[in-house]
Amino acid sequence: MKSIDSLSEDHNEVLKILETFYQTIEKIEDGKDKDIDRKSIKRTLHFFNSKFWLHFDKEEQTIFPELSIYIGGGGKPSGPVVVMLDEHQMLRESNKKMQLAYKNFKTNSNIFTSEARNFTGLLRQHIRMEEEMLFPMAVNSLDHSLDSEWLKMFELIERNADIS
Ligand SMILES: [Fe+2]
């Protein structure tokens, strides 16, 4: 399904960003301050405070409700969708802590690296679960005629986003 492929492309883009971000976190922890590109950290943090969340909106408005119906939850989230939604919430909270910790980077970089590690770990694990379990389940069980409807929904979410 093209819609699922598009969500997977988002995942790949995010994993690349996380790889660079993680290297930076390690440099900070090792005290290699001269090698740290603060602009790159700011760009990454801006991404995780803006465009990144459109991906969650896309999943929460298409694949999650449809899979819940298929699994038998009616209008309510059910099965693995509940776990994925919980993780989305955990990631929203973890991001808030990371963003806040960066504001105090100069006085205490340890809190920032700890929060950034936590966010990175959670997100990598979450993406793995979706790729290995949720997306194959959707492709194998859902009606593929949903694809065009979902792609339209993605377009709408992108268009309505007030993000720079
Ligand atoms: Fe995802």
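Buried residues, those with 20 or more other C-beta atoms within 10 Å of their own C-beta as placed from the backbone, make up 20% of the 164 residues in the chain. This is a predicted model, in which local features need pLDDT of at least 70, side-chain atom pairs count only at pLDDT 80 or more, and totals for chains, interfaces and linings use all residues. Residues are numbered from 1 along each chain as its sequence is written.

**Overall fold**
- The chain has seven helices and zero strands, where helices are DSSP runs of H or I with at least four residues and strands are E runs of at least two, numbered from the N terminus.
- The C-alpha trace spans about 55 × 30 × 20 Å along its principal axes.
- Of the contacts (C-beta atoms, placed from the backbone, within 7 Å) between residues at least 6 apart in sequence, 71% join residues at least 24 apart.

**Helix H5**
- H5 covers residues 80-103, and its 24 residues reach 35 Å from first C-alpha to last, close to the 34 Å expected at 1.5 Å a residue, a span counted as 1.5 Å times one less than the number of residues.
- Val-81, Met-84, Ser-94, Asn-95 and Met-98 of H5 are buried.
- The buried residues of H5 pack against helix H4 (63-71) and helix H6 (109-141).

**Packing of H1 and H2**
- The axes of H1 (residues 2-29) and H2 (residues 38-47) come within 11 Å and cross at roughly 135°; axes are lines fitted to C-alpha atoms over the stretch in contact, with angles from 0 to 180 degrees between N-to-C directions.
- The contact involves Ile-17, Thr-20, Phe-21 and Thr-24 of H1 with Ser-40, Ile-41, Thr-44 and Phe-47 of H2.

Definitions and conventions:
A residue is buried if 20 or more other C-beta atoms lie within 10 Å of its own, exposed if 12 or fewer, and partly exposed in between; C-beta atoms are placed from the backbone. Two residues are in contact if their C-beta atoms, placed from the backbone, lie within 7 Å.
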